[in-house]
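Trainee: Please show me how to read the features of a model such as this one, a step at a time.

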Amino acid sequence: MAKRDYYEVLGVSKTASADDIKKAYRGMARKHHPDVDKTAGAEGRFKEINEAYQVLSDAQKREAYDRFGHAAFQAGGAQGQPGGGFQYQYGPGVSFDFDFGGFRDPFDIFEEFFGSRSPFGRQSRRGPARGQDLHFEITLPFENAAFGVTRNIEIPRRETCSECSGSGAAKGSKPVTCPACRGSGRVSNQTQSIFGAFMTMSPCPTCRGEGTVILKKCPKCKGSGIVRGIKETQIKIPAGVDDGDTIRFQRLGEAGEKGGEYGDLYLTIRVLPHKFLKRAGFDVYYEQPISFTQAALGDVIEVPTLDGKVNLKIPEGIQTGTELRLKERGIVHGQSRGDQYVRVKVVTPKHLSARQKEALEELK
Ligand SMILES: [Zn+2]
Ligand SMILES: [Zn+2]
């Protein structure tokens with residue numbers, strides 16, 4: 001069958017703007033959506049509209065189409081792509097992926113237009129919905145953030161009912177086909193609109209689109225398939241986390257209804273300040289007061305670090321504000337570790353004896 005001109009399919013002129021094309025597409029898609037258009041060949045028309053839009057809404061593809069027509073998309077030795085699409089070649093050395101069937105999920109526009117889930121949409125095709133994600137905060141001592149830590153935590157959450165494994169049906173019974181929609185999960189209604197009367201499909205209110213209903217409810221969860229519980233688990237917080245970081249733990253969120261997958265847990269880290277150390281990235285800073293004579297003559301002193309006290313050599317003649325580096329005494333991250341910087345602060349002596357003053361006079 002000869003392909004129709006894409007401009008003709010959308011009912012626009014060859015000089016139509018991107019906006020005009022979008023508007024025309026929306027109008028056509030709305031009119032010919034298979035849930036609305038019950039005449040023969042509706043599905044094919046809908047596909048044709050989507051195909052035309054996919055080309056004309058993309059500046060590069062549109063240009064190719066204007067120059068070469070449908071020949072621009074003839075499969076020149078087309079090779080199947082893993083995604084089900086094909087790679088098409090046109091003109092000299094230009095190629096792109098073109099997926100006829102896909103066009104997002106064409107039925108997504110059902111939701112966009114009618115505010116309800118298409119009976120062919122994701123929800124009904126992909127089984128029960130995933131549970132909610134949870135967001136909590138956890139407060140850690142400075143050292144735990146520096147070295148990482150394993151913690152036992154308790155998460156209050158909705159869990160899959162163990163009695164019925166989330167089905168909601170009492171032991172020995174099973175969900176049965178919904179009598180209202182005979183298992184299809186959808187019901188049709190006639191709607192009046194400015195476009196005239198049309199049939200729309202909406203999820204069945206009796207079974208909430210599931211196609212089945214429970215006659216004998218599970219006593220533990222009262223048919224919901226979900227119970228409130230507390231999940232006790234051990235989590236590992238990696239070394240190097242900083243205040244405000246958020247870590248995701250898969251499947252530690254809430255259970256989905258009717259046995260749906262668990263959501264994720266997001267933990268935002270709060271790090272308590274350290275008594276002496278200040279963090280900057282993976283390095284830590286410490287301020288060390290030293291005496292005038294230590295600065296002039298040099299010394300070896302003890303300074304606190306994340307690993308306990310270590311010796312630090314003060315070179316003679318050091319100036320106030322000088323930073324001395326203690327290599328790899330900072331925050332652990334991956335296989336490496338930051339440094340500690342000791343900022344020296346020379347304290348000028350205040351109450352000198354006559355002898356000390358005399359000695360200093362000599363330095364002048
Ligand atoms: Zn149950
Ligand atoms: Zn139903």
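Mentor: We begin with the term helix, which here stands for a DSSP run of at least four residues, numbered from the N terminus. Keep in mind throughout that this is a predicted model. By that assignment, the secondary structure of the protein comes to nine helices and 19 strands.

Trainee: Taking helix H4 as the example, which residue takes a positive phi just after it?

Mentor: That residue is Gly69, whose phi is about 65°. At the N-terminal end, H4 (residues 59–68) is capped by Asp58, with a side-chain oxygen lying 2.9 Å from the backbone nitrogen of Gln60.

Trainee: Which residues of H4 are buried, and why do they line one face of the helix?

Mentor: Buried means under 20% relative accessible area, and in H4 the residues in that class are Lys61, Arg62, Ala64 and Tyr65. Viewed down the axis of H4, these buried residues fall within an arc of 160°, and therefore they line one face. Ala59 and Arg67, on the other side of the helix, are exposed.

Trainee: What share of the protein's residues counts as buried?

Mentor: The figure is 38% of the 364 residues. As for the contacts between residues at least 6 apart in sequence, 59% of them join residues at least 24 apart.

Trainee: Let us turn to the metal site. Which protein atoms are the donors of the zinc ion (ligand 2), and what geometry does its site have?

Mentor: For four tetrahedral donors, the ideal angle at a metal is 109.5 degrees. Here the donors are the SG atoms of Cys178, Cys181, Cys204 and Cys207, lying 2.2 to 2.3 Å from the zinc ion, and the angles among the four donor atoms run from 103 to 114°, in a site that is tetrahedral. Along the chain, these donors follow the spacing C-x2-C-x22-C-x2-C.

Trainee: Where is Ser202 placed, and with which residues is it in contact?

Mentor: Ser202 is in strand E7 (residues 196–203). Once its neighbours within four places in sequence are left aside, Ser202 is in contact with Gly185, Arg186, Val187 and Asn189. With Asn189, there is a polar contact of 3.0 Å between the two side chains.

Trainee: How many aromatic pairs does a search of the whole structure find, and why does the pair of Tyr25 and Tyr53 have the class it has?

Mentor: The search finds five aromatic pairs. To classify a pair one compares the ring planes, which count as stacked when they are under 30 degrees apart. In Tyr25 and Tyr53 the ring centres are 4.0 Å apart and the planes lie at 10°, so the pair is stacked. This pair links helix H2 (residues 18–32), which holds Tyr25, with helix H3 (residues 42–56), which holds Tyr53, across 28 residues, and both tyrosines are buried. Tyr285 and Tyr341 are also stacked, at 5.3 Å centre to centre with 20° between the planes; Tyr285 is in strand E13 (residues 283–291) and Tyr341 in strand E19 (residues 340–347), 56 residues apart.

Trainee: Are Tyr285 and Tyr341 buried or partly exposed?

Mentor: Tyr285 is partly exposed, with a relative accessible area of 26%, whereas Tyr341, at 19%, is buried. Elsewhere, ring pairs link Tyr6, Tyr7 and Tyr65 into a cluster, and Tyr65 is one of the buried residues of H4.

Definitions and conventions. Residues are numbered from 1 along each chain as its sequence is written. Chains are lettered from A and ligands numbered from 1 in the order in which they are written. This is a predicted model: local features need pLDDT of at least 70, side-chain atom pairs count only at pLDDT 80 or more; totals for chains, interfaces and linings use all residues. Side-chain values use heavy atoms; hydrogens and water are left out. Helices (H or I, at least four residues) and strands (E, at least two) are DSSP runs, numbered from the N terminus. A polar contact is a pair of N or O atoms within 3.5 Å; within protein, one must be able to donate a hydrogen and the other to accept it, and residues adjacent in sequence count only if both atoms are side-chain atoms. Contact means heavy atoms within 4.5 Å. Donors are N, O and S atoms within 2.8 Å of the metal (3.2 Å for Na, K and Ca); water is not among the atoms, so sites may look incomplete. Four donors count as tetrahedral if all angles lie between 85 and 135 degrees; four count as square planar and six as octahedral if opposite donors are over 155 degrees apart and all others between 65 and 115; anything else is irregular. Buried means under 20% relative accessible area, exposed over 50%, partly exposed in between (1.4 Å probe, protein chains only). The arc is that of the directions from the helix axis to the C-beta atoms. Rings of Phe, Tyr and Trp (its six-membered ring) pair if their centres lie within 6.5 Å; planes under 30 degrees apart count as stacked, over 60 as edge-to-face and the rest as tilted.
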